[in-house]
Amino acid sequence: MSRRVFSKEFSGDEPSPPRRTGLIAALGSLVFVAFALVSLPGLNARADSASPAEATTVIVVVGAAGEDEFRTNFIRQAELWEGACALARCHRVTLGVQDPGGTNDYAALQQTLAAEPNDGTTPLWLVLIGHGTFDGTEAKFNLRGPDVSSTELALWLKPFHRPLAVIDTASASGPFLKTLSATNRVVITATRSGHEQNFTRFGTYLAEALTQPESDLDKDGQVSLLEAFLSAAHRVSEFYKAEGRLATEHALIDDNGDGLGTPADWFRGSRPVKKPKETTAVDGAVAQQFHLIPGEADRQLSTEQRTRRDELVGAILQHRDRKAELAEDDYYRQLEKLLLELAHLYTPVTNSPPAKPLSPLEAP
Ligand SMILES: [Ca+2]
Ligand SMILES: [Ca+2]
């Protein structure tokens with residue numbers, strides 16, 4: 001979630017009824033303090049406490065490399081994911097790095113996905129690292145053994161209702177976005193179409209961004225998947241500029257299930273500044289709630305509390321988008337209710353008695 005959401009609400013650049021200003025400012029401070037508590041320098045070097053049942057599962061698939069130069073790059077990306085997963089204490093499965101003798105990674109991937117629970121609140125991340133192809137009709141990810149097409153992968157992922165992130169960092173990965181798009185799902189591709197077929201740099205930058213404090217754009221002490229996407233896409237753009245070359249990869253993100261990707265330049269910080277259509281929610285809100293390495297405040301929450309927090313943050317973002325439709329008083333009354341519940345998640349209400357009885361002079 002973005003602290004900027006709140007700072008904008010409280011910034012005073014939009015007039016608010018005076019009688020609500022104090023309470024909302026106080027709530028804003030409470031939420032701000034809750035997040036400030038976790039904004040320790042750098043990312044948490046020590047992982048924590050998620051039980052195996054609650055731990056995010058990350059499946060990293062290293063595709064067929066073809067040449068040693070690519071193999072080295074792909075293995076390095078897989079190692080970056082391994083490091084990030086170790087910090088996060090994820091449940092990690094890496095395919096495509098074992099002894100190749102007789103290996104069929106197509107079957108291994110299908111079986112690995114089939115063994116994963118389809119439901120629940122624990123996120124599953126699927127990361128594809130390698131080369132892709134597009135023949136004008138079908139996009140595929142190159143594996144040792146048969147390649148997997150976007151249509152086949154969509155079929156394997158169809159039963160999943162748990163939070164799911166699919167990150168295809170391969171060349172020609174663009175068509176995977178439309179095919180895999182679904183609700184409660186983040187899909188990221190390194191390219192915007194199947195015609196961007198050159199080797200991509202996006203994957204390395206994304207894997208690096210997961211543990212880089214500078215990728216934490218909203219400074220809430222954790223790097224969301226949206227922030228990692230934005231940081232990586234920015235570095236891709238900077239790379240091609242510095243090289244004086246035309247960019248041959250343009251990453252996209254989709255998390256509203258409409259099959260249409262949003263590029264990184266639609267965002268300022270971690271906030272979208274453009275909207276696709278009147279009736280379509282902008283991409284990014286769901287990805288901003290995916291954190292591989294949660295900050296300290298998130299670690300204190302139970303799975304149920306995190307789920308409720310995500311619902312509340314989503315509701316606040318939607319509510320903010322409806323501001324123009326609502327009477328000012330209604331807008332702030334509903335916002336107040338959402339913010340109060342959010343603040344109480346991070347700072348539970350206690351009924352502790354006062355430290356000392358009030359003296360008659362202090363009593364109201
Ligand atoms: Ca962040
Ligand atoms: Ca979309």
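What is the mean pLDDT of the protein, and what share of its residues reach 70 or more? The mean is 82, and 79% of the residues reach 70 or more; pLDDT is the predictor's confidence in each residue, from 0 to 100.

This is a predicted model, in which local features need pLDDT of at least 70 and side-chain atom pairs count only at pLDDT 80 or more, while totals for chains, interfaces and linings use all residues. Residues are numbered from 1 along each chain as its sequence is written, and chains are lettered from A and ligands numbered from 1 in the order in which they are written.

A contact means two C-beta atoms, placed from the backbone, within 7 Å. Residues 29-52 also have pLDDT below 50, with 44 contacts beyond near neighbours in sequence.

Now strand 7, residues 164-168. Strands (E, at least two residues) and helices (H or I, at least four) are DSSP runs numbered from the N terminus. Why is strand 7 largely enclosed by the rest of the structure? Because 5 of its 5 residues are buried, buried being 20 or more other C-beta atoms, placed from the backbone, within 10 Å of a residue's own. Leu164, Val166 and Asp168 cover one side, Ala165 and Ile167 the other.

Strand 7 runs parallel to strand 3, residues 124-129, joined by 5 bridges; pairing requires at least two DSSP bridges. Here tryptophan 125 partners alanine 165. Strand 7 also pairs in parallel with strand 8, residues 185-189, over 5 bridges, with valine 166 opposite valine 187.

Conventions. Buried ≥ 20, exposed ≤ 12 C-beta atoms within 10 Å, placed from the backbone.
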